[in-house]
Amino acid sequence: MKDPYEVLGVSRTASDSEIKTAYRELVKKYHPDNYANNPLADLASEKMKEVNEAYDAITRSRGSQSGSYQSSGSYQGSSGYQYSYRGGNSNGSYAQVRAYINANQLDAADSLLNTAPNRDGEWYFLKGTIAYRRGWLDEARQHYQTACAMVPSNYEYQNALRSVQGGYTPYRQTNYQRSDMDDACNLCNTLLCLNCLCGGCR
Amino acid sequence: MFGYVRPRRDLLEQGGFDAYRHAYCGLCRALGKMYGFRARFLVNYDMTFLYLLRASVRCPGEAAPCWCPARVCGRKSCTLDSQGFAPVTACTVILSYEKLRDNIRDESFLRSLPYRLLFRLFRRAYRKAARAYPDFAALCEEQLSALHGLEENASPSIDATADTFARIVSGCVGDIQDSNLRRPMEQVLYHTGRFLYLADALDDLKEDCEKDAYNPLRYRFFPSDGALSSEDLTYLTELTDSSVNLAGAALSLLPVRAYGKLLENIVFLGLPSVFCAVKAGKFQAKESLWQKKKTINDHTGEKR
């Protein structure tokens, strides 16, 4: 097993709070949501496991009570990036298509999907997911848009669409956010302060 | 000698920019050592990024003073890492040679004469590089042939055309055996290559419309007067931002030992800044990174 301090990127003399901060940063970085539909989701999951184990090892050795998110179940499991089809279609091929996608067998998934008799919202969503995994983002976006238009209430489709619209961004260190984001936040803060000054916070 | 994939110098620490300069000079020196003096002219920012990415997971070489043909007196510090530079120099030579072949194919006989001359001058270097990395040379030929097919059919798919180039760029790490390193690197390079292709297409759009030449954006968005509408431009920016995000997410999975901040600067800051400048029509691919200290405004693409 790797040195847990090295995994978290902290020195052996780091305080408990420093270790916790480093751990939280890494959890944020490798969170399954950042790698939804991503062909590297399996590597991110491994990293997450490694970070959780390192944190648990350090807290155990220091006799601390706090455990990793894994022990509480928050970041364990596969719901964030593994597909499990709950609907049904006439030939049951969608479940098989999702299985192929999870196994990164995109050509097989695409071939099977093309044989499906009906083109409903799920069909377009899966088509978009295959394109997204290939890095074909224009095609993925168009398919996701069609899926959302056909089934507007589906959150899975909406999240997928957000991932290619730039509204949902994977992990980016705060230092690397664009300055226009800072400007927007500053504007919000200014308006909030102004509102309070004008008696809006009563 | 230049390129799109460059750091935001104004947002780099002094040490970070020195490391970048040493790697660039090291690549130039390695090209000269392995493929002859004339190969030094092929050094560019894009391939420096490739070296930084590959070297980030191992211990990079030390910087040492070296002779530089661009400096009349004195020496320049450059990274010495012959093992690390070997695949990067080969990729540089192969890609440059294929680019010349592409130019010869696209231009008339008279206009292509300078390219034909350079093509002959770099033939020996290409053969040496292709012998050392035959899989990459074959991949380049195969994907460029696919790209020509798409161009001839005036493909409206920006994904399909960008994919051919992105596959070539991601093939630059195809020789790495460890899949835990190769897969994230391939993703970083795939999306960087895709970004490069789209940025270059946008940069050339007006000229291609005037010449009635193929450009995937022409057939995807049907621009009027060689310019995309603001909605289409926003759409394209969101697509390139998604590529930057995916490249960044893949970069986070690498066990980086060196050049971490520098690589993050290039991916998260350099690429979006370059795209802003291209959108504003103010990007100059041949602008030197070394002398000018002007920065690019994130909103307007203007230099300040």
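The following conversation concerns a predicted model and some of its features.

Visitor: What does the secondary structure of chain A come to?

Guide: Chain A of this predicted model has ten helices and zero strands. From the N terminus on, its elements run α-α-α-α-α-α-α-α-α-α.

Visitor: And how many of the residues in chain A are buried, as a percentage?

Guide: Of the 202 residues in chain A, 41% are buried. The accessible surface of the chain comes to about 11000 Å², and 50% of that surface belongs to carbon and sulfur atoms.

Visitor: What share of the contacts in chain A comes from residues 24 or more positions apart?

Guide: Such pairs account for 53% of the contacts in chain A that have a separation of 6 or more.

Visitor: Let us go inside. How many residues has the largest nonpolar core?

Guide: The largest nonpolar core has 139 residues. Leu8(A), Leu52(B) and Leu236(B) are the residues with the most contacts inside this core. Its largest share, 13 residues, comes from helix 8 of chain B, residues 179-211.

Visitor: Which residues is Leu52(B) in contact with?

Guide: Setting aside neighbours within four places in sequence, Leu52(B) is in contact with Tyr20(B), Ala23(B), Tyr259(B), Leu262(B), Leu263(B) and Ile266(B).

Visitor: Now the surface. Which residues form a nonpolar patch there?

Guide: Phe37(B), Phe41(B) and Trp67(B) form such a patch, and together they have about 380 Å² of accessible area. Phe41(B) lies in the loop between helix 1 (14-35) and helix 2 (45-55) of chain B. The relative accessible area of Phe41(B) is 49%, so this residue counts as partly exposed.

Visitor: New topic: how many disulfides are there?

Guide: A search of the whole structure finds zero disulfides over all chains.

Visitor: How many salt bridges are counted?

Guide: The count comes to 21 salt bridges over all chains. One of them joins Lys127(A) and Asp110(A), with the closest N and O atoms 2.7 Å apart. This pair links distant parts of the chain: Lys127(A) is in helix 7 (residues 121-134) and Asp110(A) is in helix 6 (residues 106-114), 17 residues apart.

Visitor: Are Lys127(A) and Asp110(A) buried or exposed?

Guide: Both Lys127(A) and Asp110(A) are buried. They also belong to a network of salt bridges that links Asp107(A), Asp110(A), Lys127(A) and Arg134(A).

Visitor: What does Asp3(A) form a salt bridge with?

Guide: The partner of Asp3(A) is Arg12(A), and their closest N and O atoms are 3.2 Å apart. Asp3(A) is partly exposed at 25% relative accessibility, and Arg12(A) is exposed at 56%.

Visitor: Last one: which residue forms a salt bridge with Asp212(B)?

Guide: Arg218(B) does, with the closest N and O atoms 2.9 Å apart. Asp212(B) is exposed, with a relative accessible area of 56%, whereas Arg218(B) counts as buried at 17% relative accessibility.

Conventions:
Residues are numbered from 1 along each chain as its sequence is written. Chains are lettered from A and ligands numbered from 1 in the order in which they are written. This is a predicted model: local features need pLDDT of at least 70, side-chain atom pairs count only at pLDDT 80 or more; totals for chains, interfaces and linings use all residues. Side-chain values use heavy atoms; hydrogens and water are left out. Patches are made of residues with over 30% relative accessible area and no salt bridge: like charges are joined within 9 Å, nonpolar side chains (Val, Leu, Ile, Met, Phe, Trp, Tyr) within 5 Å. Accessible areas come from the Shrake-Rupley method with a 1.4 Å probe; for residues, only the protein chains shown count as cover. A salt bridge is a side-chain nitrogen of Lys or Arg within 4 Å of a carboxyl oxygen of Asp or Glu. Helices (H or I, at least four residues) and strands (E, at least two) are DSSP runs, numbered from the N terminus. Buried means under 20% relative accessible area, exposed over 50%, partly exposed in between (1.4 Å probe, protein chains only). Contact means heavy atoms within 4.5 Å. A nonpolar core is a set of buried Ala, Val, Leu, Ile, Met, Phe, Trp, Tyr and Cys residues joined through side-chain atoms within 4.5 Å. A disulfide is a pair of cysteine sulfur atoms within 2.5 Å.
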